[in-house]
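Have the sequence and the 3D view open as you read.

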Amino acid sequence: MHSRFPGAARAILAAALLALATQAQAVTEIQWWHSMTGALNDRVDEIANKFNASQKDYKVTPIYKGQYDESMTAAIAAYRAGNPPQILQVFEVGTATMMAAKGAVKPVYQLMAEQHEKFDPKGFLGAVYSYYADTAGNLISMPFNSSTQVLYINDDAFKKAGLDPNNPPKTWPEVEKAAEKLKASGATCGFTTGWQSWVQLESFSAWHNVSFANLQNGFGGLGTKLEFNGPVQVKHIQNLGDWAKKGTFTYKGRKDEPLASFTSGECAMITTSSGSYANIKANAKFAWRVATLPYYADVAGAPQNTIIGGATLWVMNQKNPDMYKGIAKFFTFLSSPEVQEKWHSDTGYVPITLGAYDLAKQKGLYTERPGFDIAIKELTNKPPTVNSKGLRLGNFVQIRNIIDEELEAVWSGQKTGKQALDEAVKRGNEQLERFQKANES
Amino acid sequence: MEKRVVFSSPWLPYALIAPQLIITLVFFFWPASQALYQSLLIQDAFASRAQFVWFDNFKDLFNDPRYLASFQVTAVFSVLVAFIGLAVALLLAAFADRVIRGANIYKTLLIWPYAVAAAVAAVLWVFLLNPTLGVLTHLMRALGYNWDYLLNPRQALALIVITAVWKQISYNFLFFLAGLQSIPKSLIEAAAIDGAGPARRFWTIAFPLLSPTTFFLLVVNMVYAFFDTFAIVDAATSGGPVQATAILVFKVYRDGMQALDLSGSAAQSVVLMAIVIALTVIQFRFVEHKVQY
């Protein structure tokens, strides 16, 4: 058969067509649904832009989909309609829901192995890695924004009360003494806490190496039962309740609202997220510093390590396998020391890898900002135990609401610490049973 | 003989009401039937597994003493919102009806709050009444009243009632004002000539003639208090302290949208639907008898 085109021309045409085809492939778009607002949103865009500029085959498009619960609902609706995003940012309390959704998500360790991307589990901070790993130690979702709990103190108020800010309270009894002195010096509020369930029960249990729920805090299966009504937790909640009565602890709300009472100077001490660093720096008109989360010295093994909060990136199952290559490459880029160190210093979230931590140290970040590394030191204080690697609980949103309600009953003097925690455990277990029923096939 | 208008084609009347019927079916009956169906299932968030469990979700609900307690909170909240909302709006409308100079400015300003989203309205009031930063909090503390809705259940309820009422007053005001303006001037004037003062004219003439409007607003405000107020609770109190402001619709929203327990949430919305249907029937059967059209 004679062609109208001589061989050489055909070769050129074929090459051109091939080039066109690869050009078309070059715009494989990877959607990244997230919940980061304000300055954090800008940083997310920056990370995606850098990745897009670093290679030609994939384009990561970050899309803000509302708050954590809203973006998760949206992604589930998209999944049910058969068109899920490629990457979804999910808050830590949604972990069990995502893990139970077999067939909807692709575990990160599998993805990285299938795509032959370099992936070193040992390079991650232990407490960050363990929260999102299965019982065999395989990473399920990619850590992204992680923070932990620290104590912030108002130096000026400490000096006024005759306390030494260079020697912040290390234990809970010392916190009480400091709060008493602060009140005596005329402060209206000595101590408050943000995220009460997360700080005063979830991480408190890990920090004192006592169990929050059986079956390894829920990592061991859906049949888990809560047990945070042990003597250590009861004693602490009862103490806080007593302090609330005396006025040394002032309750300021369930979530992040209490932070404003610290930055406004009303409360001189607050235990809350290490991620509040930038906010306090921008708004506090007094000298302040970060200190390590307090503990009870008479509890054996304390302090252990704190647990994290924040969110991870989940890979949704894709019909088009080409997507996986791009997602894996993006994750490699995202966990590189340079990207992580910048994210850490820009936002106050902890770096997820030890390499990024070392890089931040080399750059002198912690001499420039004293106390910025306390969060990492708490997380890496000791290798995580079954009580301190994290929590894996279904219906966790409801369980936190229950804890919030029961704690409020203690702060207002309606219940003792023991009554409230017993009731919270009982009500929480009903939620766990519901979750087990819904997720067991 | 009775005169009847007869359509020439038997299909025309159906065609004419079809758009309304389709909208009602698609947007009201279909979602309601979905809620009914889902309330009998138990399923995970991704709906990858679903079991038919008959009335287990309802059993769980009614075995929970806190769910039963939230009926009481809801009842108190709805009655307060409807009653205060109607009373204040009627008072404002009666005043606005008498204003001669600058009446349009008053009317426009009174309508504004209706344009504010529920969550934004809650945030506005939280700013005024926040225990740490609130302007009104400082004022009350200066007067010796300790305002802290984070731990005081009555104050928390007061906060959400104030917010819900404030947002709904404009709507009630508009209807009351229109109602007042449609009352023939001659009736009022005749009463005035007979020697009735403004208060007497209002209670014996205007108020009875407003009864169709008042009845309509009562139904609308009850439905508003039951269904439309979850954003206020979510933004202001999250249902706390303990459960002092956990009204039924807020729990539907929280369990369904935030906590992804779709079947549990569906069961609650079925219960809520039944309550509102019952309430509306009661209102039409018993309260409507007192209405003079």
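## A core residue and its neighbours

B:A236 touches B:A122, B:W125, B:V126, B:L159, B:I160 and B:T163, leaving aside residues up to four places away in sequence. Two residues are in contact if their C-beta atoms, placed from the backbone, lie within 7 Å. The model is predicted: local features need pLDDT of at least 70, side-chain atom pairs count only at pLDDT 80 or more, and totals for chains, interfaces and linings use all residues. Residues are numbered from 1 along each chain as its sequence is written, while chains are lettered from A and ligands numbered from 1 in the order in which they are written.

B:A236 belongs to the largest nonpolar core, which has 187 residues. Such a core is a set of buried Ala, Val, Leu, Ile, Met, Phe, Trp, Tyr and Cys residues joined through C-beta atoms within 7 Å. A residue is buried if 20 or more other C-beta atoms lie within 10 Å of its own, exposed if 12 or fewer, and partly exposed in between, with C-beta atoms placed from the backbone. A:L125, A:V128, A:M269, A:I327, B:I232 and B:A236 touch the most other members. Helix 7 (residues 153-181) of chain B gives the most to this core, with twelve residues. In soluble globular proteins, nonpolar side chains tend to be buried together.

## The two chains

Helices (H or I, at least four residues) and strands (E, at least two) are DSSP runs, numbered from the N terminus. The table sets out both chains.

| Chain | Secondary structure | C-alpha extent along principal axes | Buried residues |
|---|---|---|---|
| A | 20 helices, ten strands | roughly 100 × 50 × 35 Å | 52% of 441 residues |
| B | 13 helices, two strands | about 75 × 75 × 30 Å | 33% of 293 residues |

Among contacts in chain A between residues at least 6 apart in sequence, 75% join residues at least 24 apart.

## Inside chain A

Strand 8 (residues 267-273) of chain A has seven of its seven residues buried, so this strand is largely enclosed by the rest of the structure. Strand 6 (residues 149-154) of chain A pairs with strand 8 in the antiparallel sense over five bridges. Pairing requires at least two DSSP bridges between two strands. A:I153 has A:M269 as its bridge partner. Strand 7 (residues 189-193) of chain A runs parallel to strand 8, joined by four bridges. There, A:T192 stands opposite A:I270.

Helix 9 (residues 196-207) of chain A is also largely enclosed, because eleven of its twelve residues are buried. These buried residues include A:W198, A:F204 and A:W207. They pack against strand 6, strand 7, helix 11 (231-246), strand 8, strand 10 (309-316) and helix 19 of chain A. A:N209 follows helix 9, with a positive phi near 50°.

## Where the chains meet

How many residues does the contact take from each chain? It takes 32 residues from chain A and 23 residues from chain B. On the chain A side, helix 19 supplies the largest share, seven residues.
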